[in-house]
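Morning, everyone. Please have a look at the structure on the screen, and I'll take you through a few parts of it.

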Amino acid sequence: MAGTNESTVNAFVSQNVMKTEMDGGSITKLVVAILTPLFSVYINCIMLYSLKSKRVFKESPRYILFAHMLFNDSIHLILTSLLYILAVAFLKLAKAVCSLIMLMSTTTFLNAPLNLAVMSLERYVAICFPLRHAEIATQKRTYIAICFVWLFGCVNMLTDIILAAVMDPNFFYMQMFCSREQIFIKPWQLDLYNGCNVFYFVSVTVIIIFTYINIMITARSMSSNKDSAKKAHRTVLLHLIQLGLCLTSFVYGSIERALYLMAGSNIALFTHLRYLNFLIVLILPRCLSPLIYGLRDDAVRPLFKNYFCCGTKRTGH
């Protein structure tokens, strides 16, 4: 959601659009927008439970990072749905509450590409340095890497909140429509935020492309264990595709501005286009993670099918 659930095109028009949606009684759209992420969260929870069912999943860096991705995406989907409901209901929140929501929302948004970078590096080490993989990619180091992912993900937004609180002692007690822009105090903060996002995504892109090329070279030169190398090659390629899906969320605001200009004075058309933009650009990419990674994994797929069908058969640990 690129840190916000409201367009910066025109606040007045944006508010009128929200009111139109409520007055028009678009209950079906609201239900779809809420149930889609909630169903994805349900799938993620089943996948997480499947990963907890075997010790090998809890000890392997690859599956630890996958579980973290599912957990992170689930939080982000829940918060995105919450922000959508607040926007449609046209509700104000205390800035203290909104700041916490936006902190978690922005952090989980940035965590996704950072986690993909760590996952790619883990596969790179596993294929290019197989003898040192157990030494380098330990369980402890994996959790440390996850801590750094959360640190890098939250530092920018946390800085903005602290700055706002220092400059205005009554900041946390004020009522506001919950959006990222409401937390900015100075114009340069938006530039800094966008600059950090570009830096993160460019860095992650370079890392994933680097690991992809090296794994591809290694896969061609290996005379043994080619199957493992090909699987890692496909996995990193999926990371690159997933990064592309994350980038669509990054340009959400730009797409919305373009839709506003395209719709012109037709508020009803903009309302429908804005809803599709929200659903396709923000929601659906986050719903694909368990499908892209979990269901293609031969070890996870049988467990997931068992638990998804409410199976009670115990699996070995």
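This is a predicted model: local features need pLDDT of at least 70, side-chain atom pairs count only at pLDDT 80 or more; totals for chains, interfaces and linings use all residues.

Residues are numbered from 1 along each chain as its sequence is written, and side-chain values use heavy atoms, with hydrogens and water left out.

Now α10 itself. Helices here are DSSP runs of H or I with at least four residues, strands are runs of E with at least two, and both are numbered from the N terminus. α10 covers residues 252-263, twelve residues. How far should α10 span at 1.5 Å a residue? The expected span is 1.5 Å times one less than the number of residues. That gives 16 Å, and the end C-alpha atoms are 16 Å apart, so the two agree.

Which residues of α10 are buried? They are Tyr 252, Glu 256, Leu 259, Tyr 260 and Ala 263. Down the axis of α10, these buried residues fall within an arc of 100°, so they line one face of the helix. The arc is taken from the directions from the helix axis to the C-beta atoms. Buried means under 20% relative accessible area, exposed means over 50%, and partly exposed is in between, with a 1.4 Å probe and protein chains only. On the face turned away from the buried side, α10 carries exposed Leu 261 and Met 262.

Next, Thr 248. Thr 248 sits in helix α9, residues 226-250. Its relative accessibility is 28%, so Thr 248 counts as partly exposed. Leaving aside neighbours within four places in sequence, Thr 248 contacts Val 281 and Pro 285. Contact means heavy atoms within 4.5 Å. Thr 248 and Val 281 are 33 residues apart along the chain, yet their C-alpha atoms are separated by 5.8 Å.

Then a helix pair. Helix α4, residues 61-89, packs with helix α7, residues 139-167. The angle is about 25°, and the axes are 9 Å apart. That makes the two roughly parallel, a label for angles under 35 degrees. Residues that meet include Phe 71 in α4 and Trp 150 in α7.

Last, the whole chain. The protein chain has 13 helices and two strands. Of its 317 residues, 48% count as buried.

Methods. Axes are lines fitted to C-alpha atoms, for helices over the stretch in contact, and angles run from 0 to 180 degrees between N-to-C directions. Angles under 35 degrees count as roughly parallel, over 145 as roughly antiparallel, 65 to 115 as roughly perpendicular and the rest as oblique.
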